[in-house]
Amino acid sequence: MTVILLLMVLVAVAVALGMLRAAPWQWAVALGLVTLSWQSGLFHGVPSVPHVSFLGFFVWLAIAGLAALSLPNVRRRFVTEPAFKLVGRVLPKVSDTEQQALNAGTVGFDAEIFSGTPDWTKLRAVPPIVLTPDERAFLDGPTAELCSMIDHWKIRHTDRRMPTEIWDFVKAQGFLGMLISKEHGGLGFSAQAQSLILGMIASRSPDVVTIVMVPNSLGPGELIEKYGTDEQKHHYLPRLARGEEVPCFALTGPTSGSDAATMRDIGYVTRGEHEGRQTVGIRVSWDKRYITLGPEATLLGLAFRLFDTDKILGETEDIGITVALIPTTHPGVKIGRRHLPSGAAFPNGPNWGTDVFIPIDWVIGGQAMAGQGWRMLMECLAAGRAISLPSSATAGAKAMLRFSTAYARIRRQFGLSIARMEGVEEPLARLVETAYVNEAARAVTAAMVSRGERPSVISALMKYQTTERMRRAVNDAFDIHGGRAICDGPSNYLQSAYQMVPVGITVEGANILTRTLITFAQGALRSHPYLYREVQAVQEPDREKGLQDFEDAFLGHISFSISNVTGAFFHNLTLGLFAEVPERAQGLEAIYRQLSRASRNFALVADMTVALLGGGLKVKQKLTGRLADALSEIYLACCVVKRFEDDGRPDADRAIVAFAVTNGLYRYEEAMRGVVENFPNPAVRVFLRVLVFPFGRHYYPAPDALGSRIVRLAIEPGEVRDRLTRDIYISENPDDPTGLLEAALKKVVAAEAAEKKVERAIRAGIVRRYHGRDWIGEAADAGTVTESEAQLLREAEALTQRVIAVDHFAPEDLMPNYRKAPPPGLGHNVRAAAAGADQS
């Protein structure tokens, strides 16, 4: 028993020292005290060991070694310098484009997760959703008016182009200049306001939001505002804000998709004639595709690699990626015909040019910014990717929830609303979770950008997580609606979202690569407390400075790693009972403890993965993808807690928070298990398994009963449903398909008591409900319902029939070249097919 006590003391001391990040001399003192106690026989029942015994000699030798490591010269010679040389050989050199990408963004709460000990005050310090009076008025006024103007069937099917009245409205109201400062004629809205405005439009039409999104995302406007010359700002920004210029940005080409740095579009510095005078300029050739707004653009932002072989600008030949502004009417600029992405109507197409001469003043920022294009793009992309697609994906998920809860409550099968069937409850619960989680993370991330951050890692995980969850939400909405969803037409409010989902998955970095190559791989360098400093140190040209910088970071890294090992082991043995909880948790203590525990485990596994795989991490994309998923789930769950607190902790939402966090922790653990069980080193695999999963699986999916509870909240008209779907466009017009849903839901809910009476009468044989019979009148005549109830039932029935109806078309409406009678000479089969088409 005393032996066990001694072992427990040793483990407790080691865990405490590790978690406190003790210095080597502190380890030496603690180990020395325990050893002296052991050798002096303090632990009765444990054989004491003579001071000069073989075992005692090696114990004291270890203690002496720890003490020696406290001496700077000894530590440097035997630890730091060998590690410095090893890391320099193992770690691959960071390329210029990778370096610029790393430098472009800022580090936010992602660093807290990587640290293993998140500071909850930093998350709470992120502002809640706050709009200025002007921003709120614009959201409730022009934005809602724009949504009411949209006829999505006409846009995406009949015309397959953006109507002139939509273009005119967004230009006149300043939608294209939301991010342009008021000083230059724009609206100067915050990132939070832009996100909500884009979201409301997206909830109505993915096509229309695209033409508003692009000028307010990565593009000429933002680049000119941040990097342009005074002349460029004064000339272009007011014109862009007023819609007098329609911008597009040409980055992607046939060979440069997600790996944009491999672009083959090149320009050469030369001298030539422009507007009748000789000037220094660039002769550029390019081939771009997938360029949104390209077919309608008047101003082309062009990215290309610039060379100065004649050294006109200086001694450097390969200047680097450069961005220039080119009017689309400039000689040599070729604007191609339209692509048709997923059958959508927003303008998208190729452009190209060969040996097009432009003055060097057309480079954004002028000659001084030549070669700085990649840095400019990465800095803008970090912020833009955090706003554009997350806002539209979030709004889409909220719209899918709003539509599906209404339809499921209205639609009846087997004598009850399908919303109350467990098979339908399951996807409805997922929709509730997706809408709540996406909105929570959207709001937090937009608030970060609003206060000046450029969260590159968070923006990457937000892009791929929100769009993937939107894809699942759309599929769930389709499953719930059944045949109502798959029959397209003017009354189908789901089809446009279904068509556009693959676009969001693909653009701004395909999700596959964003997940497996960017989120964790970039996050490990940018958000890890020490790794990036170590990489910079080994690449420092001044060896002495590099060694000193490396020593500072490396020693911190060692303490950090030991702290992760001991901290993860302790929190997993105690099931997170002693994990940090912030003040005023008010019922969220258990969630905070598990999120702290998850962060500690993630920090441990992430740190060991980077340390042991080094440069090989880039090819272990299944591991990095799972680590990206784990990081994402922790971040999203943290945002869920923050949203709940920012909303004032409404009691009705506690079940939704519990459901979302429970499922998030389950998915987090699944991702972590995937990393541990597939770790390439078997010994490390066992080591991590013992540390992270000492008792096996800990988290499980949310229970069915909790899912049923949140669905009952969501299908009931009222504050919970409205809060779940806030800031999307909600029509009150019963002639609009979504407005009809709202009207029918209210009427069906009001008629439910009377409906139950009629159902009982039908089962008793008193009333027969068939086509051609006035079954509501029969129920009234039989005294089953009152006359007022019968009227309510008639109104609910009429609205329900309109809701579940699907569109149908004459063949000539669907086939422009359709002929009722085939021309002479065609065979019998063609005539029969034509006749069949007439009959259908």
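The disulfide count here is zero, where a disulfide means a pair of cysteine sulfur atoms within 2.5 Å. This is a predicted model, so local features need pLDDT of at least 70, side-chain atom pairs count only at pLDDT 80 or more, and totals for chains, interfaces and linings use all residues. Residues are numbered from 1 along each chain as its sequence is written, and side-chain values use heavy atoms, with hydrogens and water left out.

Take Cys639: its closest cysteine sulfur sits in Cys638, 6.9 Å away, which is too far for a bond. Cys639 is also buried, at a relative accessible area of 0%, while Cys487 is partly exposed at 29%. (Buried is under 20% relative accessible area, exposed is over 50%, and partly exposed is in between, using a 1.4 Å probe and protein chains only.)

## The chain as a whole

The protein chain has 34 helices and nine strands. These are DSSP runs numbered from the N terminus: helices are H or I with at least four residues, strands are E with at least two. Of its 840 residues, 55% count as buried.

Looking at contacts (heavy atoms within 4.5 Å) between residues at least 6 apart in sequence, 75% join residues at least 24 apart.

## Salt bridges

There are 52 salt bridges, each being a side-chain nitrogen of Lys or Arg within 4 Å of a carboxyl oxygen of Asp or Glu. One of them pairs Asp727 with Arg136, with the closest N and O atoms 3.4 Å apart. Asp727 is in the loop between helices H28 (719–724) and H29 (737–750) and Arg136 is in helix H8, so the pair ties together parts 591 residues apart in sequence. Asp727 is buried at 18%, whereas Arg136 is partly exposed at 31%.

Arg409 and Glu752 make another salt bridge, at 2.8 Å between the closest N and O atoms. This pair links distant parts of the chain, 343 residues apart: Arg409 belongs to helix H15 (residues 373–410) and Glu752 to helix H30 (residues 752–763). Both ends are buried, Arg409 at 2% and Glu752 at 17%.

For a local case, see Glu468 and Arg471, whose closest N and O atoms are 2.9 Å apart. Both lie in helix H17 (residues 456–481), three residues apart, or about one turn of the helix. There's a network too: salt bridges link Lys398, Glu439, Arg442, Arg643, Asp647 and Arg726.

## Two buried helix residues

Gln499 sits in helix H19 (residues 495–506) and is buried at 17%. Its side chain makes a 3.1 Å polar contact with that of Arg156. (A polar contact is a pair of N or O atoms within 3.5 Å; within protein, one must be able to donate a hydrogen and the other to accept it, and residues adjacent in sequence count only if both atoms are side-chain atoms.)

Thr143, in helix H8 (residues 133–149), is buried at 0%. Leaving out residues up to four places away in sequence, Thr143 touches Phe138, Phe175, Ile197, Met200 and Ile201.

## A nonpolar surface patch

Ile512, Leu513 and Leu517 form a nonpolar patch on the surface, with about 260 Å² of accessible area together. Patches are made of residues with over 30% relative accessible area and no salt bridge, joining like charges within 9 Å and nonpolar side chains (Val, Leu, Ile, Met, Phe, Trp, Tyr) within 5 Å. Ile512 is in helix H20 (residues 511–527) and counts as exposed, at 65%.

Conventions: Accessible areas come from the Shrake-Rupley method with a 1.4 Å probe; for residues, only the protein chains shown count as cover.
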